[in-house]
Amino acid sequence: MSLPSVSDYFLLEKIGSGSYATVYKAFKKDGCREVVAIKCVDKSTLSKTAIDNIVTEINLLKILKHEHIVEMKDFFWDEGHIYIVMEYCDAGDLSSFIKKKHKLPEQICRRFLQQLALALKYMRDNNVSHMDLKPQNLLLIRKPHLILKVGDFGFAQYLSNSEQKFTIRGSPLYMAPEILLKRKYDARVDLWSVGVIMYECLFGKAPYCSSSFQELADKIKDCRPIELPRGSHVSRECRNLLTSLLKHDPDERISFNDFFAHDFLDLAHAPTKENYDKAAELVQKAVKMDAENNPKEAFHLYCEALTYFIPILTSETDFKRKEILRSHVNSYIKRAEVLKGSCTDASNEKDKCLRLGDKGNSSSVHRIPSLNQTSSFVYHELRTLSKTTTNMADALEIGEAAEQYLTEGNYGLALEKFQSCLGLLLPLLGKEPAGRRRDLLYKQFQLWMKKAESTKGLLQATKNMEEVQRGSDLSECALQ
């Protein structure tokens, strides 16, 4: 079958088709030979609704410019067709990728979801709902590394959480229950679709796989619980996000804001150029603090930098760049470990001096004049002042245990203890009346917050570096 003729472009091959459009790989005839994808829409087959969808898609793509949204480069028409010229995504779509790999490791799933979430966040900022999110509409680019891009905005709408629609839109397998059941719906339908996509990435199939539309509709009408496949293992954060997305009742479903802020996605540390620049700046500050003999601040800065560098390292697919970055990250981890030891040794010495100074004078800690003293003195005075408040004393004891685990390099337990301690102290801080104890409590809370973040950075760094050393990174899922 011969390919259609399009002015200014040479069509190479058919790469996809839908109910009223066919997509071709092509290149421009003007000499630059840029490879593109051209969506050819047969005007003779278009209903009024289909025409409206095409117009909406073109208007939206003129506005939506984002690294994780397929770019529209041009559009034109002739007597028989409408042509939409898009950037060419050379790695196919997510559906084919999942079928090839059967299911994706959680780390890869997180990376794709991060990219999808960044696109959705941009769309939400522009009050746009996609309405047809599914793996077939999520396209992939190989270089410079595997990038996901949202495509096919034929069903997209300007739709907020408050606006409600009734028209059925999207693909049944990924369609939110409120649409299938012909109820009112709003922008939150996209979140259900994200949950189905996430489930399919992790387990290789959609949660409500069915042999017919009626079987699918029956499962949704019955609100059948969505269960993880037997024998599957995912992290606590991954499971929490998945179950929060796949709530039949949109009022119980996770909100967009909570989705974007979820720990599993960790969008704040997504592997972007901006975050690479931020990490590099933090390392420069760490080196400066280190040179100025400020080991505590240098330690925290190195740990903060690692929280940005690790996702970038694990997502890097260029071998040479990965090796260089891996070498740098290893040196930052080692330096942070040394600085952590220095801080701990100094703190222990101060504790020892304090205990020796307290002999025979149990009230000496009360004579500390201001909050500008060392953290050791602040802590010991706070312990003395908290003896009459059981919950506060218990929380401080847990915090002390966290410090000890951090000293020993047991970052998992240290982080768990820090989080437990901070969870107990936060409500106490809110109720504490103004005064010396409140000032000390606030100072200690801020200190442990900072140490908890640094511990989290080191934990993430050491764990991910072990995975990278074993080759458990994106390279195992790279397209051949």
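Is Asp 266 buried, exposed or partly exposed?

## The model and its confidence

This is a predicted model, in which local features need pLDDT of at least 70 and side-chain atom pairs count only at pLDDT 80 or more, while totals for chains, interfaces and linings use all residues. Residues are numbered from 1 along each chain as its sequence is written, and side-chain values use heavy atoms, with hydrogens and water left out.

The chain averages a pLDDT (the predictor's confidence in each residue, from 0 to 100) of 84, and 87% of the residues score at least 70. Over residues 349-374 the pLDDT stays under 50, and the model has 30 contacts (heavy atoms within 4.5 Å) beyond four places in sequence for them. Where pLDDT is low, the predicted coordinates should not be read in detail.

Asp 266 is partly exposed, with a relative accessible area of 25%; buried means under 20%, exposed over 50%, and partly exposed in between, using a 1.4 Å probe and protein chains only. Although Asp 266 is not a glycine, its phi is positive, at about 45°.

Met 131, also not a glycine, has a positive phi of about 75°, and this residue is buried, with a relative accessible area of 4%.

## A buried leucine

Leu 458 belongs to helix α15, residues 436-469 (helices are DSSP runs of H or I, at least four residues, numbered from the N terminus). Leu 458 is buried, with a relative accessible area of 0%, and, leaving aside neighbours within four places in sequence, its contacts include Phe 299, Cys 303 and Tyr 411.

Definitions and conventions. Helices (H or I, at least four residues) and strands (E, at least two) are DSSP runs, numbered from the N terminus.
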